[in-house]
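Work through the exercises below with the model open. Try each task before reading its solution.

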Amino acid sequence: MPGGTGRNGRRWGYTAGLVAGLAAVGGLLVWLATAWRDGDQKVATVAGVVAALLAVPAVLAWLVAWWRQGVAPQAPPAAEELARAADVLAGQVAEQWKAEAVLRSLDDPDPMPVRWRITARTRLMDHPANLTPGAFLEGSSDAIAELSAAFRAMRRRRLVILGGPGTGKTTLAVQLLRHLLDTRQENEPVPVLVSISRWDTDRFPRLQEWMTAELARGHPVLRAPALGEDMPRLLAVRGQILPVLDGLDELPGPARATVIRALNRSLADGDQLILTSRADEYGEAVTGAGAVLTSALVIEPDPLEPAAAADYLQRCLPPLPAPAWERVLADLRRCFRPLGEPDH
């Protein structure tokens, strides 16, 4: 820490004091050896006594300091320390997903214009009175700033993104994560995406306990001496993390219901999260848990219009596509109804 303050600064101060004391003792021992060699036993005796008097307090002071460091309760980190750790984490997550976006071609050429709406399946969502009054999170994946603003406007920022295979639910979660990071304000939680299939609720009954382990595993820099080994836990329990929990449907049926119950036990008033799942599996999880995810808004995608799909596909192809692609585009544009029907 700057200026040698804090636990690490005190540790170095204690060590420096010990080294200085032992150096003084070493000098006296050299003098003692010289005096003894020259036959001056009186001087040697005095030097030995002084060396002992210097050595004992130095060693005792170091032992007491070591005991206090390991046993005595530590003062909680200041708000600035937590903010600094959150900034470090935000930088790491932003770099990670910038590279991942390139690998997934999320911005090549632009996100697919999938439109999202609040689910019509009312049994999957909490009572309107438990949501943000007038909660409205609808829009298109190619206008992520509007969706991010709507998420931020929620009193309780809890969002469930449902959809079938390949509908873009994980992509939307990543888009939200990246935009929230790019526009993150001071003291705003850091969105961290984790695969919910790794959550062992027997070992980690509460979400914050599991997120602590995930942060320590995935971001070891948070345990650097400059931040303190307990920083992953502090970030998780003090609301400095926005968990983005991907793939509830990848868990076995009973485990999905257990996760819903565990989330409801874990979430306090200000806690935030984003959860993705296939729609049918989420419905089964809610039924098995006997409860919805408290205060969470649930959204689903509208089927993509064939003409919109053709326009997007054409942008992804070379300016002069192969004849086979030309036929695909023409067939799409001849369609007059959505691809598939809404799953109600």
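**Exercise 1. Check the span of helix H6 against its residue count.**

Step 1: H6 covers residues 207-218, which is 12 residues. Helices here are DSSP runs of H or I with at least four residues, strands are runs of E with at least two, and both are numbered from the N terminus.
Step 2: The expected span is 1.5 Å times one less than the number of residues, so H6 should span 16 Å.
Step 3: The end C-alpha atoms of H6 lie 16 Å apart, which agrees.

This is a predicted model, in which local features need pLDDT of at least 70, side-chain atom pairs count only at pLDDT 80 or more, and totals for chains, interfaces and linings use all residues. Residues are numbered from 1 along each chain as its sequence is written, and side-chain values use heavy atoms, without hydrogens and water.

**Exercise 2. List the buried residues of H6.**

Step 1: Apply the cut-offs: buried is under 20% relative accessible area, exposed over 50%, partly exposed in between (1.4 Å probe, protein chains only).
Step 2: Leu207, Gln208, Trp210, Met211, Thr212, Glu214 and Leu215 are buried.

**Exercise 3. Is Asn187 buried or exposed? Is Ser295 buried or exposed?**

Step 1: Locate Asn187 in the loop between helix H5 (169-182) and strand E4 (190-195). Its phi is positive, about 70 degrees, though Asn187 is not a glycine.
Step 2: Asn187 has 55% relative accessibility, so it counts as exposed.
Step 3: Locate Ser295 in the loop between helix H9 (279-289) and strand E7 (297-301). Ser295, also not a glycine, has a positive phi of about 60 degrees.
Step 4: Ser295 has a relative accessible area of 1%, so it is buried.
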